[in-house]
Structure formats: C-alpha cells, structure tokens
Amino acid sequence: MSQSATAHPAFEPLRRETIDSLNITVEQYRHKSTGAMHYHLASANPENVFLVALRTVPQDSTGVAHILEHTALCGSERFPVRDPFFMMLRRSLNTFMNAFTSSDWTAYPFASQNRKDFNNLLEVYLDAVFFSRLDPLDFAQEGHRVEFEDADNPDSDLVFKGVVFNEMKGAMSAITSVLWQKLCEHLFPTSTYHYNSGGDPEAIPDLSYEQLKRFYETHYHPTNAIFMTFGDISAAEHQAVFEERALARFKKLDQRIQVQPERRLTAPVRVSDTYAYDENDDTGNKTHLVMGWMLGESADLEQLLEAQLLSSVLLDNSASPLQHALETTSLGRAPSPLCGLEDSMRELVFCCGIEGSEAEHTEALEELVLDVIEDVATEGVSGDRLEAVLHQLELHQREISGDSYPYGLQLILQALGSATHYADPTDALNLDPVIESLRNKIADPDYIRELARRLLLDNPHRVTLTLTPDTGLSAERARREAARLAEIKSGMDDAAREATVQLARDLLARQAQEDDESVLPKVELADVRKHIPEPGQRVATVQGLKFTTYAQGTNGLVYQQAVVPLPALTPAQLERLPLYSGMLTELGVGSDTYLQTQERQAATVGSISGFPGMRGAVANEQQVTGFFTLSSKALARNTAAQSELMRDTFAHARFDEHGRIRELIQQQRARREQSITGNGHSLAMSAACAGMSPVAALTHQQSGLAGISALRDLDESLADAGKCEELAASLAQLHEVITGGGLQLLAVAEEERLDDVVATATAAWSGFPASAGDGQLALEPVRERRGELWLANTQVNFCARAYPTVPVEHEDAPALTVLGGFLRNGYLHRAIREQGGAYGGGSSQDSAIAAFRFFSYRDPRLEETLRDFDAAVEWLLAGGHGRRELEEAILGVIGTLDKPSSPAGEAKQHFHNTLYGRSHEQREQFRQRVLAVGLDDLVRVGETYLKPERASTAVIVPAGAGAATAGLRESLNLELREL
C-alpha cells in the first residue's frame, strides 16, 4: 500500500510500497532542486548497498562512457590523489566495490557491513562521480595514448597503449562479444545500441580528451542521476550525505537524456560478417548462425513478463521445443551462447541460433526455427509446461541470493533498467501480481499461441546473422593499426615527437609519485569485529542416515544436498569425473527419457546439479579427501517431490541415451572453449600450479587448459558411434562406483519447515546404503616444476607464475595470504596495470593447494610482465615498507574472510568446510593469526618460498605468436601447447 515516507528536507517522498515476497519496503524520493531520483530498499539486512547510476547514451564506438567510468575514479576535488578507487579497496572492509558500464547506463556500486566503512566509501564515491578531476594523464593511462616503442627514442615505432584499449582487445576476442555486437549493429541501426559502449579497439583512439570532458559535463549531473540504496540505514540518513557532499551544489538541468526508440524494420534482413580465427586447424564447421528479434519495451512490465514467458517456453531446458531443436539439429554443433531473452536495454531482444555450422545452412536454420515457433503458435503448449515456467519465475522471485553479488545489489540491478528509462522500478521488483496475472492468462490455450505469433512470427523486426571465421582478419587488423600509427608518426614534427616522449615521462612520473593517502578516510584493525558468526548446525542420525540441518531465513525455499564420499577411482575414471558430474542431471531417469526428466525437474525444483569436490588436508595438501554432491533447491511446497527427484537421480540415472551424451559433450566443449578470453588468468594460474599438489594437477587436467584440449579430442573421437557407446558404458560404471554408499544428507530451510523436510527426505532415501563402500579416494603426491605456453584464439596475453608453499594449518600460511595483497597493492598494480597497460594483475596464496600465484589479465605484454613478477619479490625483500601498507593488506584478507553469503550459501559453506576438516574454530584461529602478521613475517616468507629456482610459469598468448615466443620458451623451458 502506498504511503508517505520520512525524507530529508531536500527530498520529497513520492511512494512507499512493501514487497512481502522480498522482505523489503521500496521508498521513492525526488531531490527538490535537481530532480535526482532516490530509491531506497529498506531492509533489516545489515549489509548496506549504495549505487549511483548515470544514463550514458554514446553515439559512437569510441568507448567514451567506459573510459569515463575508469577516469572518473582517478582523483576528485576532495580526494586529489592519483588512484582513490584502488586505494579505498585496500583501506576498506567492503563486501563489494566496483563500477560498471552498460549499454545505456554507468553505475558506481559498493556494499559494506561496517557503518564507518560505508560512510567512508559513500563520501569517496560521491566526490568521484560529481567532482572528478579528469586529469589528462589519467585519460592517457586509462583510455588511450600513443608512445614510442622505446619511450625515449622518437626514432622507434609508435604503439597504442591504454588500459581500456587493451581490455577491449581482450573482450572483443570473445566470440560471444563479437556475435552480440554484430547483431546489435543491425537490430539497432539508429539508436545507441548500434555502437559498442565498451569501445571498439579500432575506434577508441578517435576519442579526444575534450570529448571525454564534454560527455562528463552533460551526463554526470544529478538531474541525470539515479541513487539507489539497500539495507538498514534509513533513507533520510543517506539523503543527508547526498545533499551535504554533492547535491547542494547543483541546480536542475533542462535536459532529458534517454535512449530514443528504435525505428521498426518493415521486413526481416539477413547479414553476413566475419570474426578473427587464429588457430591452426581447419575452419570447417566454425560458423555461427543467429536470429534476433527486437520485441517491446523492457520497462513495460507486462511486455517484459510476456517475453520472459515465451522465451522460457521455447528455450528453458532441453525439453523446450526450440532448445530441443537447436540441440539435436545436424546443422550445427551446439546452441548459440546468445540463446535467450536480453532485457537490459530499452527494447527487448530475443535470440536463438547455433554454432559449429556453415554459412550454407543459414536458410535451413531459419526454416527450422520458424517451423518450431509456428508449431507452438498452432498447437500451443501443455498447461503443465506453462505452469512449470511460472514455477521457475516464482522461485526466482523468492530466492534470497547473494553468493556472487550482495543480495541488495542484485535487487538494485534488477530495478535499475526501469529507472534508467524513466519507469517505476518498484513494479520490476514486485513480480507476484504479474505472475498471478499470467497464471490467469495461460488458462486460455490460445494465449501462448497468440504470443508466439505476435512477438515472433508476425514481427518483421528480425535479423539473421551469419558469422564466419576469417584466418586473415587479425593480420589485417594489425596491418591497419600499424599503418595508422605510421601515418601518425609521419605527420609529427619535432615538437610533436618531443611532446609524445614527454607524455610518457610525465605519465611514468605520475605513476611513481607518492600521494598523501591521509586525505582518504579509512577503517583500521580496531574496527574489525572480533569474531565471525557461526551458523547453527544440527546433526542427527535418522533411520540410519546422517542428517545435517540448518535453520536459515530462506524465504520459503528448501535447499537439499545428498553427499557421498568419493571412492578409490582409476585414472580413467578421474578423467571422466567432470563429464559425469555435468551430465548426471541432464540425462533420463528410470523409464523416463531425458526430455521427460527435464520436464519433471522444471516442475519440481529451481535447479538440480551434481559436482565433485576435493581438498587437501589442512596440514598436508598432498593428502586428499573427496566427496560427490547432488544439490537442489525448491519451493517448500515441493519438498517431497524434490527429495524423490534427487533419490531417483542417484538410484536410476540412465546412460543409454547415446545421442544425448554426444550433444552434451558438444555443448560442454563449446562453453569451455568460449571461457578462455574471460577466464584466461585463472586458466593460466591453474596451469602454473599443476605441479603443486594432486588437486592442482587434477584441476588442470579436468577443467583447465589441458582439460579443454582433452575435451576437444574426445568430442572429435565420438564421430565413431562405437566410441560413444564405450564412453556411455564408462559413465554408467562410474555412476555405480560413486553411488555405492556412505550417503549423508543436508537440508537448509526455515526453522518451522525443517522437521517436515527431514521426514520427507528420510522416507525418500530409505534403503539407500548409508555405510561407505570399499576404498577411499587416493591421489598420488605431486610436487614438480611446470612450464607451459599455450596458443589460443585471443588478442591479448595472460601470464601466471607459481611457487610451492604450505597448506592452511602451517604457521606461514597467514603471512603468505597477507603477502598476496601486500605485493598487489604496493607493486603489481602500478607495474602491471598502470605502467604495463594490462586490465588487471595481482598475486595470492592458495592454501588449499599450497601455492603462491602471480597473474596478469588481458595483458599486452609478456616477458616484461614475467620480469615484473620477479621485481615484485625483489621490492619486497629490499625492505623499507611501512605499517600502513601491512594494515591495508590485512584488512583486505579480513574483508574476504568475513564476506557474507546468502542464508543458504552460508549454511552450505559451513557444512562443506566441516566435511573437509575445516572447523569454525580453525577458521577463527586462522583469522586471528592473520591479524597478528608483521612486516618481518612477510619478508621471511618471501625469502623462504618465492625463490626463482622454485617457480613454475604458464602463459596464454595469441595463436599466431608461436614463432615470436621461441626465445621465451627456450629461456624458461616452456612446453608449447595449442588449444
């Protein structure tokens, strides 16, 4: 019910509405002088969240909004230091800090559980957004610049540099980014979505500093701002700070920045384009075919939910008609990564397609897709399937998430799109009335038929994109870039050359300067809470089954897990383990086919998945324990059906659907290959650490670069039907071995529901062997140096170096953990990101595998970065470090250790920690030892463990760089590998 809410005198309250299903009250206010909107999501949650967003609507692909997002955080009026954002990262107990550039907004969010910390960050963020200095040197560092290859030698060649420039080179190496950008160019011929908001590397150098400043002056104004907050701090308290620190200095601008509606196409179009393919194998079956429709307005809740309903009916799971057609067609290898509904822009976009195809199949794909949609428009969909879709919407609405982003931030981002387009975000949060309305509408069998025809079949705003591989495109881009740089150089007079040399010197001097950090607020070790809370756990044996329960505020959801110890496995079985866990819940159960099982899952649970886990002992990383977990979540009313589904999956999974197994392998391969450009630093670290422990070696072999290579070989071998039968038989045997006994159960729910959950689960699992089978998982000890250089389809490098260290119980583990942040803050950030131009870089201790790792992310350099890793150690050992730097590194570790999760996530994490011998007391003790780390400890562990002769190195480089890296491979003894 709407009613007034208490506001600061500078604000007027507009609306107040409680959303019971989310346990929040949404309060809407308007700033009287500027018109700035403030939406406060009042909650009892002590993790408070702030976000300020600006509508940013670029009209080119220079990346102006993205570069401005970076540059705005490089110093402001009250905080005139070079890098307040990264300085505050290490002076804070934040649970989240970042900045985002979307296609039509730029946002600056943070979260913290500590009031003092929250207020500190709020002051810094407000000043950064509304009073940024925008120093030209920061634009040169974060955006783009030209430098001589030998910075002091004007006779050497020119090169482009810049953090965003290199970030976008990496981002546009990802086929999903290229697909989406090319599709948008044609779906949106006139609006801002036609352009690459992150920046096209070929267009980024066109942006001038003056254009950046003009964009800031017009877009970064309170009239164009949206303030959003969540948590237990009142709206009026927030508003007092907004007013005092920013808004009081502004008057309303006579402007309304908004995305203009796109002109509707009068007929479907087909377009063809290319993407860079640099690998050495054949380009056959490497084409992507995608169809995209522009639908209605995302801010219109009815249009949004109708589009979500239709998209889910068509694509929700393998039993959905269009998803099934795309998975099983011989026209391509797997469904396109773009399949689904994109609702983040003004107009909704529905996409579907395939990858691993050929251009000649474009017309056949269109016919396949349109025939499926025509069938839905003619025959309709069963009421059970429509109810299952609404069930998924309801479950998603109720779930309290927060295991990746803070829960409050997820709600804010859900609402931000509507606010950006001047609509009411409250409706976007309160989906219950709309779900109920849809439930009434689907009672009419003609409703979904009409929806399919109106939104898709009779909608002429459709683009079919054929994207083919081009093995010469990267070389052509490099040629164009070299020619452009040569032209710039040829047009330089002596003064311009000297100015270029001087810019490099000035930037280097600015990066090396020591700012007065005392101008920034901070928290101190005294502000750290003494202890971390422990979730309440109850353990009981019920009818022979060990049952662990947690009473948590889950908002009507029940989380269940069935856990068994991993038995002794052969090397071949270990190799198949990730395939098995990925397939277990994607195959048929009992007499049901996989299609029938998918329908049962959609009607019963929000998700169900299997995963293996392995960890070294707290005192010995070579001594490994492993478990396999089947996990699901469901609405409380479906608890019994949830338990029965899990029991049937464990007891009666079938591995005789060979065609389905082949499809799943193809889909897994596609996903894993596409992960490289976004996750290259983790893959490189995994390769560098592969000699540190049995778990590290297995991670690289199963899910790292070696695993991707093995999966590709396996997929290609399955063209032989006999090989597929052999694989299916090995998976069935592995399933029998894993589910042989030792079952224990976990349940997380609200207190009043737990007895029912235990009773229904116990009944479902009765008769399942609770005693463990013969033999326990045992892995051979591993401790060896490794060196690998991987060639991949990327435009940038990823570097990693690792050293063997100690497990978590060792007395040196806390100091090594603090050392990761200490090296990143004090040396690596400046050397690798600011000076080297990589998007990111750092170091960390992984006590689970007893390894200390260095890494760089989307890096234009290679050998220089590896030298920076060594130089960071030399910097450490040279001494002269201060107590402040130590305290900041400790705060960073404590912030990570204390970071909250969702109610269910905290319980599951506690359970699995206990399972692997990591008690709450042990974690508390480790935390206290972290707080006691001294500077001498850092130097000591650096001297002890980070020795050059102990280092392992792994790098990922562009596929065409094999010959150019021959010297590096020889000097570091790196094995050449290709993906």
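A polar contact of 2.6 Å links the side chains of Asp859 and Thr865. Such a contact is a pair of N or O atoms within 3.5 Å; within protein, one must be able to donate a hydrogen and the other to accept it, and residues adjacent in sequence count only if both atoms are side-chain atoms. The model is predicted: local features need pLDDT of at least 70, side-chain atom pairs count only at pLDDT 80 or more, and totals for chains, interfaces and linings use all residues. Residues are numbered from 1 along each chain as its sequence is written, and side-chain values use heavy atoms, with hydrogens and water left out.

Asp859 belongs to strand E26 (residues 851-859). Strands (E, at least two residues) and helices (H or I, at least four) are DSSP runs, numbered from the N terminus. The Asp859 side chain also makes a polar contact with the side chain of Ser856, at 2.8 Å. Asp859 is buried but has no salt bridge. Buried means under 20% relative accessible area, exposed over 50%, and partly exposed in between (1.4 Å probe, protein chains only). A salt bridge requires a side-chain nitrogen of Lys or Arg within 4 Å of a carboxyl oxygen of Asp or Glu. The nearest side chain of opposite charge, Arg861, is 4.3 Å away.

Gln410 lies in helix H13 (residues 407-420). This residue counts as partly exposed because its relative accessibility is 25%. Gln410 and Val49 are 361 residues apart in sequence, yet their C-alpha atoms are 10.0 Å apart in space.

In helix H25, the buried residues include Leu705, Ile708 and Leu714.

Key. Lys, Arg positive; Asp, Glu negative; His and termini not counted.
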